[in-house]
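Thanks for coming. I will go through one structure today, starting with a sheet and ending with the overall shape of a chain. Please have the view open.

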Amino acid sequence: MTFQASEQSGDTAFAPVLSLDNITKTFPGVKALDGVELHLYAGEVTALIGENGAGKSTVVKTLTGIYQPDGGQIMLDGKPVHFPTPQDAADAGVTAIHQETVLFDELTVAENVFIGHAPKNRFGLIDTKAMHAKTTEILASIGAPIDAGVKLKDLGIASRHLVAIARALSVEARVVIMDEPTAALSQTEIEELYDLVDTLKAQGKAILFISHKFDEIFRIADRFTVFRDGQFVGAGKMADIKEAELVQMMVGRAVEQLFPKRHAEIGDEVLKVVGYSHPTEFEDINFTLRRGEILGFYGLVGAGRSEFMQSLIGITRPSKGVVRIDGTVQVIRSPADAIQAGIVYVPEDRGKQGAIVDMPIFQNVTLPSLHKTSRNGFIRLAEEFAMAREYTERLDLRAASLNTNVGALSGGNQQKVVIAKWLATQPRVIILDEPTKGIDIGSKAAVHDFMSELAAQGLSVIMVSSEIPEILGMSDRVIVMREGRMVVELQGDDLSPETLVRHAVGIQTKGDAA
Amino acid sequence: MSLTDNAPRHIPDRLRSPLQDRLVSWESLLLAVAIAIFIVNSLASPYFLNAWNLSDATFNFTEKAMIAFAMALLIISGEIDLSVAAIIALASTAMGVAMEMGAGTPVLVLVGLGTGLLCGAFNGALVTKLGLPSIVVTIGTMSLFRGISYIILGDGAFRGYPSSFSWFGQGYVFWVISVEFVIFLVLAVIFGVVLHKTNFGRMVYATGNNATGALFSGVRVDRVKMILFLLTGLMSGLAAICLTSRLGSTRPSIASGMELEVVTMVVLGGVNILGGSGSIPGVVIAAFVMGLVTFGLGLLNVPGIVMSIFIGLLLIGVIALPRLWTMWRKRAG
């Protein structure tokens, strides 16, 4: 091991194994990567840091051959390479441990590890013996006490994770990408993972470590690279940088005045949530919401914000907690109850939860309000069209006709249909979950403008967003959630990109064991 | 970029009239097929164009169609019930037991409908309360319901239903118009109105297109599905009354295999087997198509086994033709 260490600290120390140079990747309407660079060195851990949407996942997919870059160069050992398919990336020794590796419950550990590239015997059939032997070898190398022959469904979460890692290492890996590997692990499992990373380092592998958690990054990484909005911000050695500087790099810019927050009269308390808890997703959520107010919910993906909101509208049952509207306790067991109570939810997943894409616009708009457009349960088409027209035109919807299927519209216009649907119910409280995710800039501004107009008209708005500029630009008050709990409530001068990120990643509570 | 600055754009209700949509629909194609079969039949057999013969022909589909209407709604909502024929067996057996105990016609009807409702409730509860897939649940209850019939009846049969009971399956309302045919027409109108003209019908479509989206939009998805399972059970009970009355006896093998003919009728009627689309007029025309084909082949002395081959080919053909047509046009154009 000392031999390996000395070998890499020699002349290869400054020549990266794998480099991304000026990589660009564009999706319709979005520049996901804009000329980024990234260098990975043998025997070193490089942390890739950035907000949600900074381009981290796109880089991983580019490196593993899932996406093809539009421009720029990938260099392996200083030579340009192309990874047209994931198999090409694997052949070149680039392997990834994903956030959620797909494993097969009914197959054995060895079959899972070698799926797709199992060793063959001379008849071209799978050489089970060799496969088991190799699997046992790999598992031993990462210190995992797992029998190669057991079925995956008989293993716990932690062991499954080790199997996923073993699978990544079953190709002759030189570069190992770990995409938020600790997200689903307990504290002891995380410690074991750190040991594993040390083992891989000692074996001379170049490691790309993606994580939101600063304590983790400072514990394990040798170098860092920061992305912001698909652009390269900076890179360096962990030893030379402080947390505060990293946060500054992550957040960067001053918040542009893209967000036309109008003055709204903040009135009486409308919604009061007390002690809302769920067995696994969130705990002890307390807040009030006033008339005309926009309340932002910020946090990292997986902080439990959407789960809480969906519980609030009756999709999942809370274990305890009380919701009051105008002081009256509401029992909400289904979205239908929530609509009746005046709480509506615009979900993040538009195609699945927000709209019924194979049905026409007007039928989508009137679905929760059918009792208003009908007589004794019988549909009145003219009234349906009138209602759909009133609310979609208020939102400046662009569509060929109201009888067009929602699926034929652009993302921004689909979102307008969903919002129109909820406004037609004349709610007291509207919850918008990542309202501008995946929609073009123009529609984004329209949605922001409209949100502000609604607040000015006296509606209470809850906005869940992972975009800091949006949160800062639109909210009167912000609640930050982390790991299912409310961390802090911020308003006025306390609101800054730095404080939001610090609370969301949990730097201030770094010391305690939780 | 403010919304109030520019006047809102006017969005038309529709680009084409509903009539135009209807002309190019599945139902129109199916109607053409029905007319073609009618013409072929009347040319092939001199006995076809006879009022009493045609009236007899309706019995080929009336009982199945009663169930098919409810099944159409159930399939549009994204579920299915394969236990319908077994429900007929159980309901018929229950009526037989009640008859042996001396029940009169009104009680027999209540027993038939009640058994159907109970079976539907059982299916519905398993699907909506336990979240089990309906295809598996109803394959299970298919064996269960018919199994109970076999235990009660063994090799035997119930005979000797009261003479007033025969009205349902053997009675005529007017000239050649049978009671069953009138029930079929009335149900066609009721189900058509429910599916196409009511809020409930809209919720059925929404549920079948995207159950999650419907739930998030305030549709009580489980309640919609429960009601549809109850309706399907009730219609199976009604079909059991008609069929038992027509045959005048109950054997445990009654209506065996009928569930597949019902599903065939629904799919032939243009209902998407994956849920979300379909219409009652389509199912009505499909009922006539199947009735006419069976009857026409019967007049030509074609044996039953060949008939089922023909129905199978018809189903595959009618479904595959439009797909082949678009594929051919794409290649040509």
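This is a predicted model: local features need pLDDT of at least 70, side-chain atom pairs count only at pLDDT 80 or more; totals for chains, interfaces and linings use all residues.

**Sheets, contact and loops**

In chain A, four strands make up an open antiparallel sheet, in the order 12-11-14-15. Strand 12 (285–290) and strand 15 (328–330) of chain A are the edge strands, each pairing on one side only. From one strand to the next, the twist averages 20°.

Strand 1 (residues 18–27) of chain A pairs with strand 4 (residues 71–76) of chain A, in the antiparallel sense and over five bridges. Here A:Thr24 stands opposite A:Gly71 in strand 4 of chain A. Strand 4 of chain A also runs antiparallel to strand 5 (residues 79–81) of chain A, and three bridges join them. In that pairing, A:Met75 stands opposite A:Pro80 in strand 5 of chain A.

How many residues lie between the strands in the hairpin of strand 4 and strand 5 of chain A? There are two, and in this hairpin A:Asp77 takes a positive phi near 50°. For reference, most residues other than glycine have a negative phi.

Two further residues belong under that heading. One is A:Asp396, with a positive phi near 60°. A:Asp396 sits in the loop between helix 15 (381–394) and helix 16 (411–423) of chain A.

B:Trp175 is in the loop between strand 2 (172–174) and strand 3 (177–178) of chain B. With 9 other C-beta atoms within 10 Å, B:Trp175 is exposed, since the limit for that class is 12 or fewer.

Now the contact between the chains. Chain A puts in 37 residues and chain B puts in 29 residues. On the side of chain B that touches chain A, the elements giving two or more residues are helix 10 (199–209) and helix 11 (211–216) of chain B. Which of these gives the most? Helix 10 of chain B does, with six residues. Sorted by class, that side of chain B has 13 nonpolar, 10 polar and six charged residues.

Last, chain B as a whole. Chain B has 15 helices and four strands. Its C-alpha atoms fill a box of roughly 80 × 55 × 35 Å along the principal axes. The radius of gyration of chain B is 22 Å, which agrees with the value near 20 Å that a compact globule of 333 residues would have. Of the 333 residues in chain B, 46% are buried. Among contacts in chain B with a separation of 6 or more, 78% are between residues 24 or more positions apart.

That is the tour; I will take questions now.

Notes. Residues are numbered from 1 along each chain as its sequence is written. Chains are lettered from A and ligands numbered from 1 in the order in which they are written. Two strands pair if DSSP finds at least two bridges between them. Two residues are in contact if their C-beta atoms, placed from the backbone, lie within 7 Å. Ala, Val, Leu, Ile, Met, Phe, Trp, Tyr, Cys and Pro count as nonpolar, Asp, Glu, Lys and Arg as charged, and the others, Gly among them, as polar. The radius of gyration is taken over C-alpha atoms; the globule rule is 2.2 Å times the number of residues to the power 0.38. A residue is buried if 20 or more other C-beta atoms lie within 10 Å of its own, exposed if 12 or fewer, and partly exposed in between; C-beta atoms are placed from the backbone. Axes are lines fitted to C-alpha atoms, for helices over the stretch in contact, and angles run from 0 to 180 degrees between N-to-C directions.
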